[in-house]
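Let's work through a few exercises together, with the structure open beside you. Try each task on your own before reading the solution.

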Amino acid sequence: MAVPDKGVLGPLAGVRVVELAGIGPGPFAAMLLADLGADVVRVDRPGGSGLAINPEYDVTNRNKRSVIVDLKASDGADRVLDLVDRADVLIEGYRPGVAERLGVGPGACHARNPKLVYGRMTGWGQEGPLAQRAGHDIAYIAITGTLGMIGNPGEPPTVPANLVGDYAGGSLYLVVGILAALHHARENGIGQVVDAAIVDGTAHLTSMIHGMLAGGGWQDRRGANLLDGGCPFYGNYETSDGGYMAVGALEQQFYDEFIALLGLTGEAPARKDLARWGELREAVAARFKARTREEWTAVFEGSDACVAPVLSLSEAPGHPHLAARGTFVHHGGITQPAPAPRFSATPTHVRGGPAQPGADTEAVARDWDVPALVQHADTTTKEDS
């Protein structure tokens, strides 16, 4: 694998982003922009964000720089607006109306910089009956029908960590919106507000499922469909050592190879006979229970049977394919996913570890030509002491 040219910062080099510190999807979205080469300045609050993680290990703050501004101080909003003057993008994740009360809402920011893309990250959105309510990933994906799709029938829905709501339905949609609005601002000189609500993004992720539901190709219940574990050749099976193998042999040619390597040719019920899916599942499960995960991995290695071992987080970086691609990198003592996606002309890389609160104030003040930032930091330090 080619080593990225450290002089190339990525396709967003030159883009300046102000991130008002928060937790969850906002920081992840800002990390993605930073990974792509943007100069992301995280505005941390005195005393930290309250997130129960040591800042040294918060990978979502990698490739960023940090300054500390007390937005509740008399001149706090002015310091942020000084940064906004020179920024292309601002990201905030407050409840609706909070940024306005702090003096850094869209109106105040666009008065200083009409081209600014103002990204708002919330769970419920900027309006609607629940807009002012507290919430977390699990509640957002619950009301969209997404959580109810995941898991085994007769059991509670399976919680998919916070990947589906916070990051897929939230962060990624915010980033898409920001990049689209940034393109528009550069073409037309007009900034705008991007309202990224996790409920909207998560609902959007289920577009194909809604089409299948309308067409009669999806049952509105868990574990009864082709892609939700209801299908015996699309799911997970336990091995003799307590590991698991993931099977995705949907197409006929892949299924045929799967059955052959499993040793069930001529024995397994017809794959299209839904009435015998239970029998087919039992046969497949019995075969997998006969060997270890490592043994089955070897059996399916190099095949088109669409079968893979289910690895843990700590095991994943060692998988030969991921290791060959450099999907994970080791930086600053932390093994972590490498930036994605990849670019042929402007390669990306991890340039720096997690930004430590306030550590980059002088550098940002110099690079962004905001000298008052240092003066404000000095004043804050003296007041705190």
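A nonpolar core is a set of buried Ala, Val, Leu, Ile, Met, Phe, Trp, Tyr and Cys residues joined through side-chain atoms within 4.5 Å. Keep in mind that this is a predicted model.

**Exercise 1. Find the largest nonpolar core and say which elements supply it.**

Step 1. Start with the chain as a whole: it has 14 helices and 11 strands, and 41% of its 385 residues are buried.

Step 2. Pick out the core. The largest one holds 28 residues, and those with the most contacts inside it are Val-17, Leu-33, Val-89, Ile-91, Val-117 and Leu-174. At least two residues each come from H1, strand S4 (89-92), S5, H6, S6 and H7. H6 gives the largest share, 6 residues.

Step 3. Now look for a second, separate core: this one has 25 residues, including Val-84, Val-364, Trp-368 and Leu-373.

Step 4. Finish at Val-17. Leaving out residues up to four places away in sequence, Val-17 touches Leu-33, Ala-38, Asp-39, Val-40, Val-41, Val-89, Ile-91 and Trp-368.

**Exercise 2. Work out how the buried residues of H11 are arranged around the helix axis.**

Step 1. List them: within helix H11 (residues 293-300), Arg-293, Trp-296 and Phe-300 are buried.

Step 2. Look down the axis. The buried residues of H11 fall within an arc of 65°, so they line one face of the helix.

Step 3. Relate this to helix geometry: an α-helix has 3.6 residues a turn, so residues three or four places apart point the same way.

Step 4. Turn to the other side, where Glu-294 and Ala-298 are exposed on the face of H11 directed away from its buried side.

Step 5. Find the cover. Among the elements over the buried residues of H11 are strand S8 (244-248), helix H9 (252-262), helix H10 (277-288) and strand S9 (307-309). Just after H11, Gly-302 has a positive phi of about 80°.

**Exercise 3. Classify Tyr-234 and Gly-128 as buried, partly exposed or exposed.**

Step 1. Set the cut-offs: buried is under 20% relative accessible area, and exposed is over 50%.

Step 2. Take Tyr-234, in strand S7 (residues 234-238). Its relative accessibility is 30%, so Tyr-234 counts as partly exposed.

Step 3. See what Tyr-234 takes part in: together with Met-208, Leu-226 and Leu-227, Tyr-234 makes a nonpolar surface patch of about 340 Å².

Step 4. Take Gly-128, in the loop between strand S5 (117-122) and helix H5 (137-143). At 46% relative accessibility, Gly-128 is partly exposed as well.

Notes. Residues are numbered from 1 along each chain as its sequence is written. This is a predicted model: local features need pLDDT of at least 70, side-chain atom pairs count only at pLDDT 80 or more; totals for chains, interfaces and linings use all residues. Side-chain values use heavy atoms; hydrogens and water are left out. Patches are made of residues with over 30% relative accessible area and no salt bridge: like charges are joined within 9 Å, nonpolar side chains (Val, Leu, Ile, Met, Phe, Trp, Tyr) within 5 Å. Accessible areas come from the Shrake-Rupley method with a 1.4 Å probe; for residues, only the protein chains shown count as cover. A salt bridge is a side-chain nitrogen of Lys or Arg within 4 Å of a carboxyl oxygen of Asp or Glu. Helices (H or I, at least four residues) and strands (E, at least two) are DSSP runs, numbered from the N terminus. Buried means under 20% relative accessible area, exposed over 50%, partly exposed in between (1.4 Å probe, protein chains only). The arc is that of the directions from the helix axis to the C-beta atoms. Contact means heavy atoms within 4.5 Å.
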